[in-house]
Every structure is written in structure tokens, then in C-alpha cells.
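Good morning, colleagues. Please take a moment to look at the structure on the screen before we turn to its aromatic rings.

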Amino acid sequence: TCTGTPGGYDVLIVYASDATEWCQYLQNLFLFSRHVRKHRILSYQLEGKSAISHQELDLFNRSRSIILLLSAELVQSFYLPPVLQSLQEALCPPYKVVKLFCGVTDCDDYLTFFKDWSQWQELTNDDEPDAYLAAVKRAISEDSGCDSVTDTETEDEKNPVYSHRLAMSEEYGSSKSIGDHPVVQPDRIRCGVQTTVYIIMKCKLDGEVKTEVEFSPENASSVRVLAEMENEYTISVEAPNLTSGTVPLQIYSGDLMVGETSITYHTDMEEIGSLLANAANPVQFMCQAFKIVPYSIEALDKLLTESLKKNIPASGLHLFGINQLEEEDMTTTQRDEELPTLLHFSARYGLKNLTALLLTCPGALQAYSVANKYGHYPNTIAEKHGFRDLRQFIDEYVETADMLKSHIKEELMQGEEDESVYESMAHLSTDLLMKCSLNPGSDEELYESMAGFVPGAPEDL
């Protein structure tokens with residue numbers, strides 16, 4: 001059933017692109033008359049041959065009054081069966097629909113399109129603004145059983161509903177006429193501390209009329225505060241005591257909204273939490289410990305890589321803190337930590353050279369196969385934090401390592417080489433990959449390494 005639901009919109013304006021100015025006019029009329037709150041007006045542009053979707057039908061159902069702007073373009077859409085059918089579903093019950101003729105006249109066809117056509121309230125472009133307001137008030141009062149719109153405003157203040165801005169609504173807004181949003185200083189204020197906020201406008205303000213700022217927190221009623229003129233472009237206002245979060249601001253000169261922006265309230269604990277989060281950043285912490293100023297990921301990466309190369313034992317050490325994982329034992333590949341191994345850590349912070357060195361260490365491929373508590377692997381962690389080139393390098397390295405490993409196994413299966421040959425080839429593959437990773441483009445050195453390994457190789461290898 002198409003009935004208005006509690007917590008919906010007061011007014012839904014349905015229009016086509018040739019009635020955009022009419023839509024703007026009606027929105028301003030309802031806002032400035034104070035009959036309808038800003039967050040309870042919704043506009044919906046009907047475009048071309050597009051029918052109203054099921055999701056959008058819900059917006060119609062939740063609206064307490066619907067104004068249909070009958071322009072030439074909108075009427076043409078009545079002759080498209082899919083659009084017409086969706087409109088027939090959306091425009092009911094009849095008591096909440098208001099038809100406003102904008103440049104078209106009434107005709108018998110409309111009765112065949114909509115069975116409730118004659119029951120809809122009728123307005124024309126020649127009517128006075130009061131007639132538009134009265135029609136909406138009548139539709140809303142029938143929907144709620146109240147005598148007027150203002151009867152329901154107290155409840156609306158407790159449960160403000162924010163507009164789903166569709167089509168033209170996304171472009172529409174009073175701030176559009178004055179360019180960018182006003183500047184607020186300070187834009188972050190502590191909860192419970194009386195703070196004077198200065199707002200710098202893009203347009204001149206009229207000193208003859210009172211200027212007010214409306215604070216509209218999401219989970220509380222709006223608060224209007226009288227502002228003082230500092231100069232033609234700047235006002236100051238005492239910020240009301242509100243709970244933490246981002247609060248939208250609307251600036252009114254008289255009854256006209258001349259700008260909107262937002263301000264953030266924060267508690268002491270939130271501020272401390274933010275500072276601790278920055279202080280606990282391991283890259284910054286290590287940069288401080290090693291006196292790397294200014295902070296540089298590249299310098300830290302180089303320092304850690306050189307230190308690891310210098311201090312790692314020949315045996316390889318269990319660097320990753322994991323046992324060699326058996327391929328069949330998949331239960332051990334998911335860990336409870338965010339960064340379960342050093343490889344995950346270096347990928348998370350984009351330490352490219354360190355990652356390259358770690359991949360050559362024993363157990364690297366097993367570490368690569370370990371997922372963190374979110375199910376992410378070193379390569380996906382790198383990409384998630386913006387290091388796409390590092391992810392590409394890790395993927396290529398692992399792919400090449402698998403290919404070399406398979407090739408070596410095939411060679412051993414065919415011949416009768418002893419285990420030492422396998423080990424030599426394995427070390428060679430590691431050396432080659434390491435040189436590829438840290439010295440891209442050094443092809444000649446790689447060829448020399450291969451020539452040194454292959455016994456009796458021709459000189460022109």
C-alpha cells in the first residue's frame with residue numbers, strides 16, 4: 001500500500017528538466033516560509049524513458065505530499081508505458097498528490113492515464129504562493145490527521161530526516177549561488193568549552209537584517225544562534241554545547257539562507273586517541289629512534305635492509321616466526337594478527353627494498369601464504385595501502401619463484417644429478433631474483449652469474 005510512513009519527507013517535488021526553475025522556486029518558498037524544514041524536502045527529476053525504480057518508489061511512499069510539476073516534457077513521459085506504470089504506482093494515495101500545471105493545459109487523456117486524476121489537488125502557475133502552501137498543508141494534515149504542518153514539527157525536531165538528494169537536488173543548494181562553502185575558524189572545537197566561531201563568507205552580508213547560524217546535529221534538535229557582524233564578510237557566533245561529531249551549519253541573513261558548511265566537535269578522549277594513533281605509527285616511531293629527520297620511508301627502508309643483510313646468519317634463521325608450513329595444512333595459514341610476519345609489515349608500510357630482501361630468505365613463500373586476521377596477504381596488504389607497484393613486484397617475484405622451482409624439479413626428475421646440484425641451483429635462483437629486485441636493468445651481471453654456474457659454458461653465452 002502506498003501510504004506515508006513516520007519519519008519520511010514532508011514534500012516530494014516531481015519534475016522534468018524543463019521545470020527546473022519551478023522546482024527551485026517551490027523549494028525556496030517552503031524553506032523561507034518555515035512551514036517545512038530543509039531536511040524534509042526532496043526533489044525527484046524524471047529523466048527520459050527511465051521508469052521509477054523500486055528503491056525510488058520507497059521515497060514516494062515515505063513522502064507525505066507529492067507535487068507533480070506538469071510541464072511539456074513530463075506529460076510526454078505519460079505516453080511511455082514503463083514510465084506511466086511506475087508513476088501510477090508512485091502517485092497514490094490521491095489525497096497527498098498535488099498537480100501543478102506549468103505551461104500545459106488539462107485534457108481528457110490524463111483521466112485515462114490516472115484513475116485518481118480528478119481527486120488530486122489542482123494548482124496553476126497563476127496561483128498565489130499562499131495557495132501552494134495551503135495545498136501542501138492540506139495534503140500533510142490528511143496524511144497525519146493533524147491540523148497543520150507545524151503540529152508535527154516538534155516530533156520532526158527529535159527525529160530529523162536527511163534528504164536523499166536525487167538528480168537536480170544534488171546540484172541545488174543555496175551555497176551554489178555564492179561559490180564554495182564559507183570558511184569556519186576554528187573548524188574543530190572541544191565539547192563543553194565555550195568557543196567563539198568566526199565564519200568568513202564569499203558574499204557581502206546585509207547589516208540591516210539579523211544574521212543567524214543554525215547548528216543541525218544529526219541526533220538532536222537544531223539550534224539557532226544569533227550572530228554578530230564583524231565586517232561585511234565575517235560573522236562571529238558562540239557555538240552551542242553539542243555532542244561530538246560533524247555538525248552541519250546553515251547561515252541565514254533574515255529568512256534567506258546564504259551559505260552552509262560544517263564544524264566538528266571533539267572530546268578530550270578523542271583528541272588523545274588521535275594523538276596516540278599518530279605517536280604509535282611504527283614508521284614514524286622508528287624514524288625518531290634512528291634520528292631520520294625529516295621522516296623518510298625510503299631512508300628507513302634502506303637502513304633496515306642494510307642491517308638485515310649484515311646480520312642475517314648463513315643458515316637463514318626462522319626470520320618470519322613461523323614453522324615451514326606444509327601445503328596440506330591450510331588451517332595454519334590464517335593468523336589472528338593484523339601483521340603476522342615481517343613480510344606483512346614491510347608490505348604494509350611500503351618498504352620496497354626490505355620486502356625484496358625478505359622474499360629471498362628461507363620461509364618467504366610460506367610467509368607469503370599466510371593471511372592476516374582480515375584474510376589479506378602481503379601483496380593485497382601492499383595494494384590496500386596504496387603501494388600498487390610493490391604489489392606488482394611481489395606477485396611477479398612469487399610467480400617467477402614458483403616457475404623456477406618447478407623447472408628445477410623437472411630437471412632433477414629427468415637427470416641423476418645429486419642433491420648438491422639442486423641446492424646450488426636453488427641458491428642461484430635466489431641470487432638471480434634478488435639482483436632482479438634490487439638492481440632492475442642489470443642484465444649483464446645476471447648473464448655473468450649464469451655463465452659462472454653452468455660448467456663448460458660457451459664464452460658467448
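Let us begin with a question: does Phe78 count as buried or exposed? With a relative accessibility of 1%, Phe78 counts as buried. Please bear in mind that this is a predicted model.

Phe78 has an aromatic partner, Phe114, and the two rings are edge-to-face, with 5.1 Å from centre to centre and 80° between the planes. Phe78 lies in the loop between α3 (72-77) and α4 (81-90), while Phe114 lies in the loop between α5 (109-113) and β5 (121-124), so the pair ties together parts that are 36 residues apart in sequence. Phe114 also counts as buried, at 3% relative accessibility. Both residues belong to a cluster linked by ring pairs, together with Tyr79, Phe101, Tyr110, Phe113, Trp117 and Trp120.

I now turn to the structure as a whole, where a search finds 14 aromatic pairs. In one of them, the rings of Trp22 and Tyr132 have centres 6.2 Å apart and planes at 85°, so this pair is edge-to-face. Trp22 sits in helix α1 (residues 20-32) and Tyr132 in helix α6 (residues 129-144); the pair thus links distant parts of the chain, 110 residues apart. Trp22 is partly exposed, at a relative accessible area of 23%, whereas Tyr132 counts as buried, at 3% relative accessibility.

Finally, a word on charges and rings. The charged end of Arg224 sits over the ring of Tyr252, 3.8 Å from the ring centre. Arg348 likewise has its charged end over a ring, that of Tyr349, at 4.2 Å from the centre.

Technical notes
Residues numbered from 1 in each chain as written. Predicted model: local features only at pLDDT ≥ 70, side-chain atom pairs only at ≥ 80, totals over all residues. Heavy atoms only, no water. Phe/Tyr/Trp six-rings, centres within 6.5 Å; stacked < 30°, edge-to-face > 60°. Helix = DSSP H or I, 4+ residues; strand = E, 2+ residues; numbered from the N terminus. Buried < 20%, exposed > 50% of the residue type's maximum accessible area, 1.4 Å probe, protein only. Lys NZ or Arg CZ within 6 Å of the ring centre and 35° of its normal.
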